[in-house]
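Visitor: Please show me how to read a protein model, one feature at a time.

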Amino acid sequence: MTFHVIGIPNKNPVFTKEQEQLIKQNTLFSGGKRHYNLVSSFLPENHTWISISGPLQTIFKQYESSKEAIVVFASGNPLFYGISNTLKNKFPKAIIHTFPSFSSIQVLANKTNTNSNQLVTVSVHGRTWKALDEAVMQQFPLIGVLTDGKKNPKTIAERLLNYGYDNYTISIGEDLEGEQEKIQTNSLQEATTENYHALNCVLLHKQKHRKIPFGIPNNQFKGLEGRPNMITKMPIRLTSLHYLNVLEAKTLWDIGFCTGSIAIEAKLRNPKLEVIAFEKRPECEGILEENTTRFGAIGIECVMGDIFEKKLEEYPKSDAIFIGGHGGRLIELLERISKIISKGTILVINAVQEKSKVDFEKGCEDYNFLITERTNITVDLHNPISILKAIKQ
């Protein structure tokens, strides 16, 4: 299979001589409805058009049934979250020639006279918030965002403001190079007050760095009412995160999150870390929500209810697990965990009571965990804590 993928602007496409020859020499073309309106006058009379609309699998079948080369028209740079990448993944043996134009993010940067040396681009078009969340938490100086109908300039601004990232301004490009082109740069607050053209993209410009402490003071967390000591203390928290190797981990389970201090500190240290926080006490759900927004820890998944009633195999497999609570059923919990995790998974517990320490050691022996670290820490006048780390063998 051979594809010639030509990137075009939003209006008045101008083709190179090489592209003109390709168009003259071929009869099978493809692209969206908008692309057809832009290029139809350039196509030979006997052309066939495969419209890119509806399920991609249907379009791919039409491509596969063809015995001739296909000229595909796309917006901007087809290698930038575009059709060329999709074709490479679907047809790895195909010959693909790509002729890129400016991407929409490049166009917006150029039209706003923005220095794009430090540009980091993410897409939320038909995707989750994950990539944008990671970029914002890392506080990159300039973030380009490809949007969609729901994740648009308004909802992006609202999300950043909700988590306290008001240190960005936003440039919005609507219908770039089209008949209704509009470009504006506003505060995030101003961006929440308008509606936007369906075709848009944004640039987020950092104005100042939001300072987030390495080791959040305990008194800055919202805690359980009447139980201010129900939190993993900062020195113990940081030691536990070190043992969990959160900078290298991909997925962390925080079992019994309470205030969410472990989950939040882990996410802030490694924004790419997928964090799933489990808790039985219903009042902790609101506490976690308030603390995550307070400290800008975006994207922590909260799972409420008794963990012994959850189908743990349905959640993303963790390579790091913190046990902050177990309801007196620690050995049973270790048994359940041992059945679904992989070799090398790290387990860390903060044992306040001697029984928890003894049960952890017994559970590790029974279910093939090797204890590699034992550390005792006393903070202020509180009871000493035993921090134990084990690795699944």
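Predicted model: local features only at pLDDT ≥ 70, side-chain atom pairs only at ≥ 80, totals over all residues.

Visitor: Which residues of α13 are buried?

Guide: Ser356, Asp359, Phe360, Gly363 and Cys364. They cover an arc of only 135 degrees around the axis, so they sit on the same side of α13. The arc is taken from the directions from the helix axis to the C-beta atoms.

Visitor: What do those buried residues pack against?

Guide: Contact means heavy atoms within 4.5 Å. The buried residues of α13 pack against α12 (330-338), β15 (346-351), β16 (369-377) and β17 (385-392). Those labels come from DSSP runs, numbered from the N terminus: helices are H or I, at least four residues, and strands are E, at least two.

Visitor: Now α1. Which of its residues are buried, and which are exposed on the face turned away?

Guide: In α1 (residues 17-25), Gln19, Leu22 and Ile23 are buried. They fall within an arc of 95 degrees seen down the axis, so they line one face of the helix. The face turned away carries the exposed Lys17, Glu18, Lys24 and Gln25. The buried residues of α1 pack against β1 (2-8), β2 (28-31), β4 (70-75) and β5 (95-99).

Visitor: How do I read strand pairing?

Guide: Strands of a sheet pair through backbone hydrogen bonds, either parallel or antiparallel. Two strands pair here if DSSP finds at least two bridges between them. Take β1: it runs parallel to β5, joined by 5 bridges, with His4 opposite His97 in β5. β1 also runs parallel to β4, joined by 6 bridges, and Phe3 stands opposite Ile70 in β4. β1 is mostly covered, with 6 of its 7 residues buried.

Visitor: What is the strand order in the open sheet of 5 strands?

Guide: β6-β7-β10-β8-β9, with mixed pairing. β6 and β9 (182-187) stand at the edges with a single partner strand each, so one side of each has no neighbour in the sheet. The twist averages 20 degrees from one strand to the next. β8 (residues 168-174) pairs with β9 in the antiparallel sense over 6 bridges. There, Ile172 stands opposite Gln184 in β9.

Visitor: Which helix lies across β6, β7, β8, β9 and β10?

Guide: α5 does, running at about 55 degrees to β10 (200-206). Axes are lines fitted to C-alpha atoms, for helices over the stretch in contact, and angles run from 0 to 180 degrees between N-to-C directions.

Visitor: How many residues are in the largest nonpolar core?

Guide: A nonpolar core is a set of buried Ala, Val, Leu, Ile, Met, Phe, Trp, Tyr and Cys residues joined through side-chain atoms within 4.5 Å. The largest has 58 residues. Leu132, Ile143, Val145, Leu204, Leu244 and Ile264 have the most contacts inside it. Helix α10 (residues 261-269) gives the largest share, 5 residues. Apart from this core lies another, of 26 residues, including Ile307 and Phe369.

Visitor: Last, loops. Are Asn113 and Cys258 buried or exposed?

Guide: Asn113 counts as exposed, at 72% relative accessibility, whereas Cys258 is buried, at 9%. Asn113 lies in the loop between α5 (104-111) and β6 (119-123), and Cys258 in the loop between β11 (251-255) and α10. Phi is positive, near 55 degrees, in Asn113 and also near 55 degrees in Cys258.

Definitions and conventions. Residues numbered from 1 in each chain as written. Heavy atoms only, no water. Buried < 20%, exposed > 50% of the residue type's maximum accessible area, 1.4 Å probe, protein only.
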